[in-house]
Amino acid sequence: MTGQVALKAAYAVTWIIPLAYLSYLLSRFRRVRCEIKDLERSR
Amino acid sequence: MKYLSIGFIIFTLALLGFSTYQALFVAPTEQTMGDVQRIFYYHAPTAWVAGVCFFVNFLASIAYLWKRSLNADALAAASAEVGVVFCTIVLITGPIWAKPVWGIWWTWEARLTSTLVLWLIYVSYLILRRFSVGSQTQTLAAALAIFGFVDVPIVYMSIRWFRTQHPQPVIAGGQGSGLDPVMWHAFLWNLLAFTCVGIVFIVTRYRLQKLENEVEAAHAQRAIAGGVQ
């Protein structure tokens, strides 16, 4: 693995993991908001 | 509050752009390693954020055991999860940096091994929180977090206590250590940017945990009401 390839790979990892985590958090937010709406509707 | 959050997110994104520019284009190329040394500007700040997250988790766990506050428990859960995310980045970028410089991806020396153990401790913490049921879950998680935090200073001190393949400390490493001033600037900008990303993640995850707690409480209340009827 050359230095340039390693730098690009590390750079990609540093961005992909937080972005994946952020999308995971947002999907959980959507699910919780749906549940809250269901609870409010069923009251 | 909402505008403050949006403002902070925009500030963080701008900071990330600027710090990336500093790391890739402004900081000078290191003489022996070449461009691959620029991984340092991501690797070290993400390690710092992971350490701070685990410290917040440690404090929040103590606060939970002391006050039995659900807010403290939510903060502990949030900080542990974000800490694991950043520790994962450290454990992946480290070997990517090691391969062209050392010729190997991994070696079982003190810094690398203690970091892997740290990651495993907090992954087990998250597994405990996710799959354990009952009223003791939060207490057990808090106890695990307090004992688990012992590994954080071991990770930090490992390159001072042992002869390691990992480089000796560049920052606060005593005589002969240090960085070129331009490298220092690039490093500090990245440190600030990733710290802000960590804050955004912890606050977001904390809010999510509070919402999930509310939904869980509402479900429990409905179940009790249904049982009474």
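Let's start with the nonpolar patch: its largest share, four residues, comes from helix H1 of chain B. This is a predicted model, so to speak of local features we need pLDDT of at least 70, side-chain atom pairs count only at pLDDT 80 or more, and totals for chains, interfaces and linings use all residues. Residues are numbered from 1 along each chain as its sequence is written, chains are lettered from A and ligands numbered from 1 in the order in which they are written, and side-chain values use heavy atoms, with hydrogens and water left out.

Two elements of chain B give two or more residues each: helix H1 (2-26) and helix H7 (181-228). Areas are Shrake-Rupley values with a 1.4 Å probe, and for residues only the protein chains shown count as cover. Helices are DSSP runs of H or I, at least four residues, and strands are runs of E, at least two, numbered from the N terminus.

B:Tyr21 is partly exposed, at 46% relative accessibility; buried means under 20%, exposed over 50%, and partly exposed in between (1.4 Å probe, protein chains only).

Now, the cysteines. How many disulfides does the structure hold? Zero, over all chains, where a disulfide is a pair of cysteine sulfurs within 2.5 Å. B:Cys196 is in no disulfide either, and the nearest cysteine sulfur, that of B:Cys53, is 13 Å away. Both residues are buried: B:Cys53 has a relative accessible area of 1%, and B:Cys196 has 5%.

Last, chain A. Its secondary structure comes to one helix and zero strands. The C-alpha atoms of chain A fill a box of roughly 60 × 10 × 5 Å along the principal axes. Of its 43 residues, 30% count as buried. Chain A exposes about 2900 Å², with 63% supplied by carbon and sulfur atoms.
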